[in-house]
Amino acid sequence: MRRADVETEPERGRGQRIRPPSVPLKRYSRADTSRKAMMPSARLTIDPHFSIGPIRRKLFGGFVEHLGRHVYDGIYEPGHETADAEGFRTDVIDLVRELGVDTIRYPGGNFVSGFRWEDSVGPVAQRPRRLDLAWHSTETNEVGLHEFASWLDKVGSDLMMAVNLGTRGTLEAIDLLEYSNIAGGTALSERRIANGRIEPFNVRMWCLGNEMDGPWQLGHRSADDYGKIASQAAKGMRQLDPDVQLVVCGSSSAHMPTFGEWERVVLTHTYDDVDLISCHAYYEERGGDIGSFLASAVDMDGFIESVVATADHVKAVRGSSKQIDISFDEWNVWYLERYHGVDKIEGIDNWPIAPRLLEDVYSVVDAVVFGNLMISLLKHADRVASASLAQLVNVIAPIMTEPGGPAWRQTTFFPFSITSRLARGEALRVKLDAPTYETEAYGEVSLVDAVATHDAEAGRSAVFLVNRSTTEPVTLTIDVAALGEVAVVESHTISDDDVYAKNTLDDRERVSPKPNDTARIAGGELTITLPPVSWTAIALA
Ligand code: AHR
């Protein structure tokens, strides 16, 4: 559709195209009633019969990398007034619990491709300091596998471990598995016991390296080379523990030049050896193009569907009955352009411990895009078996801390915590009839995005929504008749007159979700107004 076509549209009703969103929402007044007559409308139908699939709790996973102030001065700060006996900040533990994170991927990320796991176990005083080539930092190894497992117990999450297939190989992967999962009676399991942990860590999910398609990765390889090594490592690991769930590296973005072919070649080598293939995706507003940024989930939808198609192609070629699902084990909003411009530590003899790296401060629009990415994950709950928000504390994170100071929630905290709490049971395919708008990056896209969930046992449902317009509220009518007699028990909307408003050290509660008091149910229909640039969750019971 040409831009001119869009601009000559006379009305902005349901099913019609409207002008592309324009930026200056800051000064838009909600009291401007003259806009009401033009308010676009949309219609949604929810029916519990149209299940996409069960929502696996692993969809709400996280990621902790030894990077910047994530571990040191993030989750671990022994001198902090809230620190427990092990040096972990209990204010951070409380926030991670509130966030509702399931499995947590560890210890990287790019970090893992230079990591020697043996450095991170045994008496802390004897652990070596290492240069971390990925982030040009000094790693003290003060927090290692045992300490991290203990922190996971405190936050109530499980460990998803990544092995180093960049600069190491099958043997080291098997050694770490033996150390972690064998009860006792072998050299490495006894070493774990001697190091103070009698029960095995019993790690179920393992990533076979990290972003091996990326030229920035230590030990980066071609798809063919990586596929062979990943297959060998996977076979070896399964010989030791047949029940581990293995994730092979997919592409580090759908925009990598090798995307698609990488998945095909890697899965051709590893199809019988692994359970999941990874996807990684980060989104940012580029060059002031907020319209495209708000439509980032369209890219995520396409990414997931392309990887599913490629995996199923390999399945067909092999005549296999096995299905490979996706571990979307890095996703977020990340201002990568800023990182390339400012944060990089140059030089060879000044690598700091826990520098401030990748400390993005998120706005309302970031939270809306973030919430939309969660909608995309739920819409693909049949094939996305697991996902990890990258990352958790200080580093492109929903939780920020100040050394010796407070911990607080970024704007992105709220769509995660609310979705994790309300999205239960089955994800539902919805019928959405909404206006569209034109984007530079993705062409014509829907102004509204939505997914629903239904927990038959608990008798509860939820709907998650975004309005991508920067100028217009949308009146949404939701047909909920198929759910029976229901009432709105919770509603939360994130929006603001200033879409770039943020929570900062000096103003930690500037942005938070508010109840959406426009929601009304009558005659099997729920109507609600979605403000411009907004994310909304509604719980029904
Ligand atoms: O999450 C930050 C980095 O992004 C990770 O270390 C890497 O895997 C990805 O490129």
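The exercises below, each with a worked solution, concern a predicted model.

**Exercise 1. Describe the surroundings of glutamate 426.**

Step 1. Glutamate 426 belongs to strand E15, which covers residues 426-428.

Step 2. Decide how far it is covered. Buried means under 20% relative accessible area and exposed means over 50%. Glutamate 426 has a relative accessibility of 30%, so it counts as partly exposed.

Step 3. List the contacts. Leaving out residues up to four places away in sequence, glutamate 426 touches Ser51, Gly53, Pro54, Ile55, Ala452, Thr453 and His454.

Step 4. Look at two of these neighbours in detail. With serine 51 there is a polar contact between the two side chains, at 2.2 Å. Alanine 452 is 26 residues away along the chain, and its C-alpha atom is 8.6 Å from that of glutamate 426.

**Exercise 2. Work out which strands pair with strand E24, and which of its residues are covered.**

Step 1. Find the partners. Strand E21 (residues 474-479) runs antiparallel to E24 and is joined to it by six bridges. Strand E23 (residues 520-522) is also antiparallel to E24, with three bridges.

Step 2. Name a residue pair for each partner. Valine 474 has leucine 530 of E24 as its bridge partner. Threonine 527 in E24 stands opposite arginine 520.

Step 3. Examine the turn. Two residues lie between the strands in the hairpin of E23 and E24, and glycine 523 there has a positive phi near 55 degrees.

Step 4. Separate the two faces of E24 (residues 525-530). Leu526, Ile528 and Leu530 make up the covered face, while Glu525, Thr527 and Thr529 make up the uncovered one.

**Exercise 3. Compare the span of helix H4 with the expected span, then state what its buried residues pack against.**

Step 1. Take the length. H4 covers residues 170-181, which is twelve residues.

Step 2. Compare the spans. From first C-alpha to last, H4 reaches 16 Å, close to the 16 Å expected at 1.5 Å a residue.

Step 3. Pick out the buried residues. They are Ala173, Asp175, Leu176, Leu177, Glu178, Tyr179, Ser180 and Asn181.

Step 4. Identify the packing partners. The buried residues of H4 pack against the helices H3 (145-155), H5 (187-194) and H6 (223-240), and against the strands E7 (159-163) and E8 (205-208).

**Exercise 4. Inspect the backbone at proline 107, glutamine 391, asparagine 202 and valine 533.**

Step 1. Examine the peptide bonds. The bond from tyrosine 106 to proline 107 is cis, with omega near 0 degrees. The bond from alanine 390 to glutamine 391 is cis too, with omega near 5 degrees.

Step 2. Proline 107 is in the loop between strands E4 (104-106) and E5 (130-132). Glutamine 391 is in the loop between strands E12 (384-390) and E13 (399-401).

Step 3. Read the phi angles. Asparagine 202, which is not a glycine, has a positive phi near 55 degrees. Valine 533 is likewise not a glycine, and its positive phi is about 45 degrees.

Step 4. Asparagine 202 lies in the loop between H5 and E8, and its relative accessible area of 45% makes it partly exposed. Valine 533 lies in the loop between E24 and strand E25 (534-540), and at 1% relative accessibility it counts as buried.

Methods: Residues are numbered from 1 along each chain as its sequence is written. This is a predicted model: local features need pLDDT of at least 70, side-chain atom pairs count only at pLDDT 80 or more; totals for chains, interfaces and linings use all residues. Side-chain values use heavy atoms; hydrogens and water are left out. Helices (H or I, at least four residues) and strands (E, at least two) are DSSP runs, numbered from the N terminus. Buried means under 20% relative accessible area, exposed over 50%, partly exposed in between (1.4 Å probe, protein chains only). Contact means heavy atoms within 4.5 Å. A polar contact is a pair of N or O atoms within 3.5 Å; within protein, one must be able to donate a hydrogen and the other to accept it, and residues adjacent in sequence count only if both atoms are side-chain atoms. Two strands pair if DSSP finds at least two bridges between them. The expected span of a helix is 1.5 Å times one less than its number of residues.
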